[in-house]
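Trainee: I would like to go through this model step by step. Please show it first.

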Amino acid sequence: MSQPKQVNVGVLGATGTVGQRFILLLAAHPFFHTTGLGASPRSAGQPYHRAVRWKQTSPIPSSVRDIVVKECKPEEFADCVVIFSGLDADVAGDIELAFRAAEFAVFSNAKNHRRDPVVPLIVPLVNSSHLSIIPHQRSLHSLQKGFIVTNANCSTTGLVVPLAALEHAFGPLESILVTTLQAISGAGYPGVPSLDIFDNVVPYIGGEEEKMEYETLKILGGLTEDGKSFDLHSNTPLRVSASCNRVPVIEGHTEIVSVRFAQRPPPSPEEVRQALASFTPPGIPEESAKVVCPSAPERAIVVHDVLEVDRPQPRLDRDFQGGAGVNVGRVRECPVLDIKFVLLVNNVALGAATSSIINAEIALEKGVIQV
Ligand SMILES: NC(=O)C1=CN([C@@H]2O[C@H](COP(=O)(O)OP(=O)(O)OC[C@H]3O[C@@H](n4cnc5c(N)ncnc54)[C@H](OP(=O)(O)O)[C@@H]3O)[C@@H](O)[C@H]2O)C=CC1
Ligand SMILES: N[C@@H](CC(=O)OP(=O)(O)O)C(=O)O
């Protein structure tokens, strides 16, 4: 397998929480080169290091420090092929459409286009096969090269990886109950006021439960027979109920999950542990993964040993594999449904920037991005 081509990329929302993670990940990337940075008119015109309130634990990469931030207008990004968007959802919708119309390959973190019937909602460890709808998206909008791919809500991303592994091993799932404990960084910067979250739990995150319940079906479902829309898991109906909470953790969303399988009797906890640990993401070529998908984790799901009774924990486990995989622990029988477990997903890594980058790596490998 030869080394992929070098590709110039732009980051929109480069000054934000997700944007800063993009900057760090792309600075070390072997074939994506950041040449354009975009943010609000408040930041535009300033060198990146002046515009950004840098909140990462390593310094601003020297390769982007002095790049002048631009307004998010397609003509300002003429030398880029790929656009990664970490834009605030208030503005992401129209800006991403403008970039698509200008024939950019847009990989978005925002919620705005996730429900669009021809925009794939891709968690790269699960459903990169949904990229096959891109030719239809292009023909519908009379485009040669442009498209939008979104990644999922950060909590949904963590949930669907083990669910996909379980469906793959044991067939259809019937019901999912999930309760989240979501980090403050999920709300961007400055996010939740300290007086609301310190010494506290907030049992409401606007729109989050609806997103988890809908997005899980779009991701785990297939495409319709004509390949031109998504079937939302209609052949084997899956019921999902989510309860979302904000907790005083900086990074890393924890989720408590209970599952009922269609298969009777259901698999044992040990069978579930094995299925999770051995899951390999469809669509990421195993033999050449390091070359074509350098941002993918070596292990999609890390299952904590039965003796590690108190894992996963955000502080201890969120940075394993750079936060690119999902950590699962406490797999055990559920006396109400069948099996229950705890998962941890790094909301700004796999839950956001890392997924976008892996999506772009896969799209490049499949020839969906035209360089
Ligand atoms: N944080 C997380 O864990 C996750 C976030 N997301 C999604 O990713 C996106 C970014 O989130 P996050 O980084 O947390 O948000 P932030 O609030 O931290 O950053 C928002 C970014 O949008 C830019 N922006 C705001 N207004 C405009 C405008 N009018 N024109 C152009 N750019 C503008 C900001 O630029 P400026 O600095 O100049 O104001 C900033 O770069 C959101 O859609 C969010 O829902 C998805 C998954 C996880
Ligand atoms: N709402 C998520 C983060 C986020 O921005 O989600 P979305 O991209 O689905 O709007 C959280 O607060 O943790």
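**Domains, sheet and ligands**

Mentor: The domain assignment divides the chain into domain 1 (7–153 + 353–365) and domain 2 (154–346); such bounds come from an automatic or database domain assignment. This is a predicted model, in which local features need pLDDT of at least 70, side-chain atom pairs count only at pLDDT 80 or more, and totals for chains, interfaces and linings use all residues. Residues are numbered from 1 along each chain as its sequence is written, while chains are lettered from A and ligands numbered from 1 in the order in which they are written.

Trainee: How many residues does the contact take from domain 2?

Mentor: The C-alpha centres of the two domains lie 24 Å apart. Two residues are in contact if their C-beta atoms, placed from the backbone, lie within 7 Å. The contact takes 32 residues from domain 1, and from domain 2 it takes 34 residues.

Trainee: Which helix gives the largest share of the side of domain 1 that touches domain 2?

Mentor: Helices are DSSP runs of H or I with at least four residues, strands are runs of E with at least two, and both are numbered from the N terminus. Helix 1 and helix 12 each supply at least two residues of that side. The largest share is seven residues, and they come from helix 12.

Trainee: Why is one side of strand 8 and of strand 10 left without a neighbour in the sheet?

Mentor: The open sheet has six strands in the order 8-7-9-12-11-10, with mixed pairing. Two strands pair if DSSP finds at least two bridges between them. Strand 8 (239–246) and strand 10 (301–303) stand at the edges, so each has a single partner strand.

Trainee: What is the bridge partner of Val 178 in strand 8?

Mentor: Strand 7 (residues 173–182) and strand 8 run parallel and are joined by eight bridges. In strand 8, the partner of Val 178 is Ala 242.

Trainee: How many residues of the shell around ligand 2 are charged?

Mentor: A residue counts as near a molecule or strand if its C-beta atom, placed from the backbone, lies within 6 Å of it. Lys 111, Glu 208 and Lys 211 are among the residues that surround ligand 2. Ala, Val, Leu, Ile, Met, Phe, Trp, Tyr, Cys and Pro count as nonpolar, Asp, Glu, Lys and Arg as charged, and the others, Gly among them, as polar. The shell divides into four nonpolar, five polar and, for the charged class, three.
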